[in-house]
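The stops below go from helix pairs to sheets to single residues.

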Amino acid sequence: MRRNTARVISGGEPVNWLGANFWSRTGGPLMWRSYDPAVVAGELSVLKEHGLTMTRSFFYWPDFMPGPREIDDKMTARFKDFLDRHAELGMTTIPTFIVGHMSGENWDPAWRNGRDLYADVWMVGRQAWFAREMVQRYNDHSAVAGWLVSNEMPIYGGSTTGHEIVATWAQLIRDAVRAGGGRQPFSLGDGAWGIEVTGTDNGFRLADIAGLTDFLGPHVYPVGDDPIRQKYAAALACELAGTFGKPVIMEEFGVSSDFASDSHAAAYYRHVLYNTLLAGATGWIAWNNTDFALPGQDPYRHHAFEQNFGLTDAHGTPKATLREMREFGATLTKVGHTRCERADTDTALIVSGYLDTMYPFVSPEAHVAISKALHQGYLAARLADLPPRLTRESDGIEPGARLYLAPSVKQILAPTADTLQDLADKGACVYVSYSAGDVAWHRGPSFGRMNDLFGVRHQLDVGVADPITDDIVELTLTRDFGGLTRGTTLSFRVGGSEHSRSYLPVAAATAEVIATDQHGRPALLRRQVGRGSLILCTYPVEYMAAVTPRVNPDATVTLYGALATHAGVRRPVTVDDPRVACDMLVRDDGSRFAVLVSHDDGQLTVKPRLGEGERLATLDEAEVVETVTMSPFGIIVLEVIRS
């Protein structure tokens, strides 16, 4: 299966966006009142010296539009100078219109008077007028790279408006941008936080937005209890956004120095940059360019940590995170990233239709559980060197993979059972793990014909969960499977609520038992179907891991590796250590680049396995590499050469 890497195109060429969200240290959101051209020029120069090519900038709405039909000419003149400073350095910027929300506070123009930003037709008209006015002033400036409507609009305008109204609001402002002469790429700046990514509906549905915009822009600031999950949160957001066929720009990511040490912040940046590259992102805009020393000014007075998200400190001195951006940019240049795509994959990860669709009389909490299990399944696949293509059940599961993974599933759409059987019949290995869900609502599997599909007879009682009473679940193979020998035991830490901490009691009918739990119960079963197979795991191993702190890498990585071997999945590059994830980039001239990502806090030495006759070399081909020594949380990119 092809993992698409869609790119933003401007002027007929793919864009090269590596930059920072920008507020000058003289004022943060109030910078236009205290605008200092010399300070701004210095701030941009530091970014440029570290390989950054662009910024995302903001029309602070109360200052630029002091009246409903009024534009402040002093502010627009200062923004013109700001654009000129970019052009002098060969940089570009993406202006953002409705700001709006920023750094822990909402900022209204005085004339709004509580009007609804989406549904009040007069208010929508004023926003569209403002966007058109700004575009007409700057659309021919060489420093303008694109246009954004807002900054995290669900926080400012509310998150309970119907998606049809939100889509109409977005279309009207987009039409105003185009009417004003805005030919550059256009998007919303909403953060891609809607139901298709998070499972929570905020009115901004990517199914609507993708048809209106030129790119989608996730904003990701994860909070969690597992370091590896933290480092893949942005990657999964990019993968999910990428299922809508539009380029994905990592529009906001970062960390305050209040929340992470320099070394941890640098490692986080490193992993977000490379993991999102391998997840299909084609641009990166860090939050943000500088720290601030503005303790008496809102929002920093009440959100003190917001002062310390910068790539430089408040004096303009580069921080470790800016050095990570520079090194990443240098690697992108060496591999020619605008000419690179992700290598094809034999693995597909099924995105449940119950994540992205609000079906009637289905518990809303179910969406959150699905999101957690999906995140864990994605992470385990990456650590097993099985970078998957995501395929949405709602759109029809795509054919073409050798291995399909459906992690911790409580319910599927009724037609999906036939789809899974058909995929197996044509030669795929289809893996499904069972989950009871994390609420009591309709307790039990909603598969339609689970017994026939998996060749089992379930032993469920009416409305009663079958609790997992052990703290560790041990699955022991009863036969050789996927490169693992009979007697191999996989151990999983147990977690979850009174509902989710449940297993599926079954007896084998036409299925073969591959593994049993420590009580002798069937835990992994295989039913041969045509040229392929359907494999059922009776434990929610992914969901249990998803709600367990500091669990990764866990035994799911080994299980997925065995499934891949059983399915005949081709892994272009792999290592035996689950602490190191491997993937491949392919350039349009046939050059290939292996990317190795370490999730260990110590030094590791690994020996990558490649195709026959292939070896690894440094990017300048100065040295052929047999083994790779990786620094703590290190990432290495090597070229694949033929012996």
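The tour starts with the ground rules and then moves from stop to stop.

This is a predicted model: local features need pLDDT of at least 70, side-chain atom pairs count only at pLDDT 80 or more, and totals for chains, interfaces and linings use all residues. Residues are numbered from 1 along each chain as its sequence is written, and side-chain values use heavy atoms, without hydrogens and water. Helices (H or I, at least four residues) and strands (E, at least two) are DSSP runs, numbered from the N terminus.

**Stop 1: H3 and H4**

Select residues 73–88 for helix H3 and 121–138 for helix H4. They pack at an angle of about 45°, with axes 11 Å apart. Axes are lines fitted to C-alpha atoms, for helices over the stretch in contact; angles run from 0 to 180 degrees between N-to-C directions. H3 is therefore oblique to H4. Angles under 35 degrees count as roughly parallel, over 145 as roughly antiparallel, 65 to 115 as roughly perpendicular and the rest as oblique. Now show side chains: Asp73, Thr76, Phe79, Lys80 and Leu83 in H3 meet Met134, Arg137 and Tyr138 in H4. Contact means heavy atoms within 4.5 Å.

**Stop 2: H9 and H13**

Go to helix H9 (residues 227–242) and helix H13 (residues 365–383). At what angle do their axes cross? Roughly 100°, and the axes come within 10 Å. H9 and H13 are therefore roughly perpendicular to each other. On the H9 side, pick out contact residues including Ile228, Tyr232 and Leu236. On the H13 side, Leu374, Tyr378 and Leu379 are among them.

**Stop 3: the nine-stranded sheet**

Switch to cartoon. Nine strands form an open sheet with mixed pairing, in the order S15-S14-S16-S17-S24-S23-S22-S19-S20. Two strands pair if DSSP finds at least two bridges between them. The edge strands are S15 (389–392) and S20 (489–493), each pairing on one side only. Zoom in on S14 (residues 347–351) and S16 (residues 403–409): they are parallel, over three bridges. Thr347 stands opposite Leu403 in S16.

H14 (residues 416–425) lies across S14, S16, S17, S23 and S24, at about 130° to S24. H17 (residues 556–567) lies across S16, S17, S20, S23 and S24, at about 145° to S16.

**Stop 4: strand S26 and its partners**

Select residues 592–598. Six of the seven residues of this strand, S26, are buried, so S26 is largely enclosed by the rest of the structure. Buried means under 20% relative accessible area, exposed over 50%, partly exposed in between (1.4 Å probe, protein chains only). Strand S25 (residues 580–587) pairs with S26 in the antiparallel sense over seven bridges. The two form a hairpin with four residues between them, and Gly590 in the turn has a positive phi of about 95°. Strand S31 (residues 635–642) also runs antiparallel to S26, joined by six bridges. Centre on Ala594: Met584 stands opposite, and the bridge partner in S31 is Leu638.

**Stop 5: backbone details**

Find the cis peptide bond between Asp298 and Pro299, omega about 10°. A cis bond also runs from Asn552 to Pro553, with omega near -5°; Pro553 is in the loop between H16 (541–546) and H17.

Glu152 has phi near 50° and is buried at 9% relative accessible area. Asp385, in the loop between H13 and S15, has phi near 60° and is buried at 2%.
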